[in-house]
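Welcome! Take a look at the sequence and structure, then work through them in order.

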Amino acid sequence: MNLFDVYPLFNITPVRAKDCQVYDEHGTEYLDLYGGHAVISIGHAHPHYAEMLKNQIDAIGFYSNSVQNPLQQELADKLGEQSCLDNYKLFLCNSGAEANENALKVASFHTGRAKVLYLERAFHGRTSAAVAVTDNPKVVAPVNKTDYMVRIAFDDEQALTQQLETGEFCALIVEGIQGVGGIHEPSHSFLKLARKLCTETGTVLILDEIQSGYGRSGMFFAHQHAGIRPDIVSMAKGMGNGFPIGGILLDEQFEAWHGMLGTTFGGNHLACAAGIAVLDVLKSEDLIAHADRIGKAWIPLLESLPGVKEVRGRGLMLGVELDRPAGPVRKQLLDQHRIFTGSSSQPNVIRLLPPLTLTMEQVMQFQAAAQAVLEGEKVS
Ligand SMILES: Cc1ncc(COP(=O)(O)O)c(C=O)c1O
């Protein structure tokens, strides 16, 4: 049987990984500045993470959500403490799209409304409601299109005001920092206005922190740089360091009833063990402050590279906009210098999403390689 060919593959077969490095079957080492798609937060194969998962599978890997699972509460307590959002409630699921799907559903039940406002270039996932608020023609099929979902230009405060003041929207959904769209951070003034208007019009403010959360921006969640308090926060990716887990944080105003949300696998024992291990390591190794420091030191270095037009983002979620297509540059970085980077829906942008453990030495390894590639080194 053939695989359904939906992924543009790197011609590399990783068989082992450690911290920020990935190794193929020949033992060749690669520097992972892609974080396995913004997923690896605490580094590949972290010993505490590996031990927690091994112990958990030996004890109990899975039982259904119809019984008590104290690991869910432990995860919620640690997440509340570290994110400073301890007065929210947690619902656990399996992926980013599912988190947004649940966030939109809660917002719709809560308000009794069906319209959702979203931004230009947004990416919120591939399931039905999440994809309907995604601005990317490659993933939105005709069946996903509905007049209920309204798009406005990025950071357009006038359009935001005009739409929200109709009072027709159940939710506004915004990424803390747009990822797939090419690393664009909404301005703090836009986010503050969004908060104010959502409160005035009874609209639920959903912050999608699936890519920008879990410390990647140098704070636990990227919206915290703007000092706003969302009604719902969605998360996934870095939450499990590769083990599938997602979730939403819901402000205390929301009421639940049995059966309103649910999932077979969400919040299972193994997923919780992974989630707890990630939070343990983020704290014990102070990785969020580290990501902030490395990001601040890296941005001016990236800006000094030849052919770089703009560097966007924060912490270890950076977008480098080039004066040329990023594809061939990324290929050369991989083929010649053994460095993984990420693409985006903007063809000139390289996305850098490494594990939060990245060192300055590894930053300098990338700098030397990028300098050579951008200066037009000969391909061997
Ligand atoms: C901001 C954002 N939201 C949602 C998603 C969807 O997450 P998943 O692929 O886990 O469904 C992604 C994935 O890239 C994302 O970056």
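**Exercise 1.** Which residue in β7 does V116 stand opposite?

*Solution.* A word on the model comes before the steps. This is a predicted model, in which local features need pLDDT of at least 70 and side-chain atom pairs count only at pLDDT 80 or more, while totals for chains, interfaces and linings use all residues. Residues are numbered from 1 along each chain as its sequence is written.

Step 1: Find the strands. Helices (H or I, at least four residues) and strands (E, at least two) are DSSP runs, numbered from the N terminus. Strand β7 covers residues 169-175, and β5 covers 115-119.

Step 2: Check the pairing. β5 and β7 are parallel, with 3 bridges; two strands pair if DSSP finds at least two bridges between them.

Step 3: Read off the partner. V116 stands opposite A171.

**Exercise 2.** Which residues touch the most other members of the largest nonpolar core?

*Solution.* Step 1: Define the set. A nonpolar core consists of buried Ala, Val, Leu, Ile, Met, Phe, Trp, Tyr and Cys residues joined through C-beta atoms within 7 Å.

Step 1: The largest such core has 108 residues, and V116, A171, L172, I206 and I232 touch the most other members. Helix α8 (residues 269-284) makes the largest contribution to this core, 11 residues.

Step 2: Look around I206. Two residues are in contact if their C-beta atoms, placed from the backbone, lie within 7 Å. Apart from neighbours within four places in sequence, the contacts of I206 include A171, L172 and I232. A103, A107 and P230 are also among them.

**Exercise 3.** Work out how the two domains meet.

*Solution.* Step 1: Locate the domains. Their bounds come from an automatic or database domain assignment, which gives domain 1 (14-46 + 286-374) and domain 2 (47-284).

Step 1: The C-alpha centres of domain 1 and domain 2 are 25 Å apart. Across the boundary, 27 residues of domain 1 are in contact with 32 residues of domain 2.

Step 2: Inspect the side of domain 1 that touches domain 2. Its largest share, 5 residues, comes from α9. By type, this side has 13 nonpolar, 10 polar and 4 charged residues. Here Ala, Val, Leu, Ile, Met, Phe, Trp, Tyr, Cys and Pro count as nonpolar, Asp, Glu, Lys and Arg as charged, and the others, Gly among them, as polar.

**Exercise 4.** How many residues surround the ligand, and which are the closest?

*Solution.* Step 1: A residue is near a molecule if its C-beta atom, placed from the backbone, lies within 6 Å of it.

Step 1: There are 14 residues around the ligand, and the closest are S95, G96, A97, G125 and Q211.

Step 2: Helix α4 (residues 96-111) gives the most to this shell, with 3 residues. The shell contains 5 nonpolar, 7 polar and 2 charged residues.

**Exercise 5.** Is Y214 buried or exposed?

*Solution.* Step 1: Y214 sits in the loop between β8 (204-208) and β9 (232-235).

Step 1: With 32 other C-beta atoms within 10 Å, Y214 is buried.

Step 2: Its backbone is worth a look too: Y214 is a residue other than glycine with a positive phi, near 60 degrees.

Step 3: Now try R121, in the loop between β5 and α5 (128-132). R121 is not a glycine, yet has a positive phi of about 70 degrees. R121 is buried, with 21 other C-beta atoms within 10 Å.

Key:
A residue is buried if 20 or more other C-beta atoms lie within 10 Å of its own, exposed if 12 or fewer, and partly exposed in between; C-beta atoms are placed from the backbone.
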